[in-house]
Amino acid sequence: EGNPYTWWVGKANEKHYYWGGSGPGIQKCACGIERNCTDPKYYCNCDADYKQWRKDSGMLSYKEHLPVSQVVVGDIDRPGSEAKISVGPVRCQGDRNYWNAASFVTSSSYLHFSTFQGETSADISFYFKTSASDGVFLENLGNTDFIKLELKSSTEVSFSFDVGNGPVEIIVRSPNQLNDDQWHRVNAERNVKQASLEVDQLPLEVRKAPTEGHTRLELYSQLYVGAAGGQRGFLGCIRSLRMNGVTLDLEDRAKVTPGVKPGCSGHCTSYGMYCANGGKCVEKYNGYSCDCSRTAYDGPFCIKDVGAFFEEGMWLRYNFYSPGTSMKDLVSRTLLSSTDPEITAPDLNLNKEELSFSFSTTKSPCILLYISSYTQDFMAVLVKPSGNLQIRYNLGGTKEPYNIDVDHRNMANGQPHTVNITRNGRDIVLQLDHYPPTSYSLPTASDIQFNSPKALFLGKVI
């Protein structure tokens, strides 16, 4: 039925169903890509089920999924079925200068280097990533002269200097947040004719130098990378810092400096495996947290089971209150009977919704989920007598509800299944388990608003 017996688990505890020589989302081995498998009906040599040993091998090179933390092998309990698995070492390659990095853990942390020699020309470039909204990247002072680069706000990078003609500041403003914990590149240049600042692929900001006046930048202090002179320093990572063509060894200096750590591996690479059950590890400066929102678990490490076992005839109801009600309030008002007092219809009409949940059952037919309303509108997810999944939308304007039938998969096989349904106007996208998403459209006669949702039922329709 297309349900894999074997898979491997990579970063963030995600399961992957492709193998060496194949690619993400492609449920095949290398021979399936090259179309030369032992049995052409299958996409892996080992699926042929021959008496002789067969082999599927290759490199896993999609680095966002690496490293391999475990391999799960099934279907070997039949007589004569055997499997041998070997996983080779992780191999890394790249430019050591390009990845030379330091992590600034507190806002008073800094690294110091010898005075920057940039009298007539200065060329400074580096990458940074942060979730702080501001902080000084680097600064070098003279008597009155200075040169400074800083994150002014979550969307602004500033390059300022004084060569004796008064301070000059160039600012690049980004339409997107720069404190999104992703890498951003900064390139600042200054010579006797002009100064410029570039951030990522944004337009270059240029300032012409005055035709007369001072041109030499005279600096005396050490070069500070991070906080200097009591200012709020940079929180996060800086890498590949080059000044006039020379890469500064941030890692080496960070090894002997308190408050600064060499490299920028972050905490998730060390502790991310503690986020269980598919929880996503989120970097923090002094640690990490687990985002359990896409799992059926809760708690700091996504190990507290917040699912429920439904005996036959048992059901659960959540009432939707006014839009100001938080989800926590909704959950705390879970009822196991329908004897609650009726509430006035809230002023809540949805043009779009996103619904995701996991389930396992061996019973068909059954109702998994039903959302009622104060109008005739409803939405339901159910398993048909055949074991196939059906999604029903009734948003007014049509006599019959719009049905999405997934006829080629048996969902009542006792295995865990994940359902993701996203509706935006008429467009519905359905994703089941690890299969690619499928798009559907509501009929043109149908309304595009889900009017006044009332309650969500799990396991029964009232």
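**Briefing on selected strands, sheets and residues**

Phenylalanine 128 has isoleucine 238 of β15 as its bridge partner. The model is predicted: local features need pLDDT of at least 70, side-chain atom pairs count only at pLDDT 80 or more, and totals for chains, interfaces and linings use all residues. Residues are numbered from 1 along each chain as its sequence is written, and side-chain values use heavy atoms, with hydrogens and water left out. Strands are DSSP runs of E with at least two residues, numbered from the N terminus, and two strands pair if DSSP finds at least two bridges between them.

**Strand β15 and its partners**

- Strand β15 covers residues 236-243, and seven of its eight residues are buried, so the rest of the structure largely encloses it; buried means under 20% relative accessible area with a 1.4 Å probe, protein chains only.
- Strand β6 (residues 122-129) pairs with β15 in the antiparallel sense over five bridges.
- Strand β4 (residues 101-104) is also an antiparallel partner of β15, over four bridges, and phenylalanine 104 stands opposite glycine 236 in β15.
- Strand β16 (residues 246-247) runs antiparallel to β15 and is joined to it by two bridges; methionine 243 has valine 246 in β16 as its bridge partner.
- β15 and β16 form a hairpin with two residues between them, and asparagine 244 in the turn has a positive phi of about 50°.

**The six-stranded sheet**

- Six strands form an open sheet in the order β5-β14-β7-β8-β9-β10, with antiparallel pairing.
- The edges are held by β5 (110-113) and β10 (168-173), each with a single partner strand, so one side of each lacks a neighbour in the sheet.
- Neighbouring strands of this sheet are turned by 15° against each other on average, direction ignored; the axes are lines fitted to C-alpha atoms, and angles run from 0 to 180 degrees between N-to-C directions.
- Six bridges pair β7 and β8 in the antiparallel sense, and valine 136 has glutamate 150 in β8 as its bridge partner.

**Aspartate 145**

- Aspartate 145 is placed in the loop between β7 (135-141) and β8 (146-153).
- Aspartate 145 is buried yet has no salt bridge, and the nearest side chain of opposite charge, arginine 190, is 8.1 Å away. A salt bridge is a side-chain nitrogen of Lys or Arg within 4 Å of a carboxyl oxygen of Asp or Glu; Lys and Arg count as positive and Asp and Glu as negative, while His and the chain ends are not counted.
- The side chain of aspartate 145 reaches the backbone nitrogen of glutamate 218 at 2.9 Å, and a polar atom of that side chain lies 3.5 Å from the backbone nitrogen of glycine 164.
- Leaving aside neighbours within four places in sequence, the residues in contact with aspartate 145 include Asp162, Val163, Arg216 and Leu219, where contact means heavy atoms within 4.5 Å.

**The four-stranded sheet**

- Another open sheet has four strands in the order β24-β29-β30-β31, with antiparallel pairing.
- β24 (352-359) and β31 (438-441) stand at its edges with a single partner strand each, so one side of each has no neighbour in the sheet.
- β24 runs antiparallel to strand β29 (residues 417-424) and is joined to it by eight bridges; phenylalanine 357 has valine 419 in β29 as its bridge partner.

**Serine 452**

- Serine 452 is placed in the loop between β32 (450-451) and β33 (453-458), and is buried, with a relative accessible area of 13%.
- Serine 452 and arginine 216 are 236 residues apart in sequence and 69 Å apart in space, C-alpha to C-alpha.

How values were computed. Buried < 20%, exposed > 50% of the residue type's maximum accessible area, 1.4 Å probe, protein only. Polar contact = N/O pair within 3.5 Å; in protein donor to acceptor, adjacent residues only side chain to side chain.
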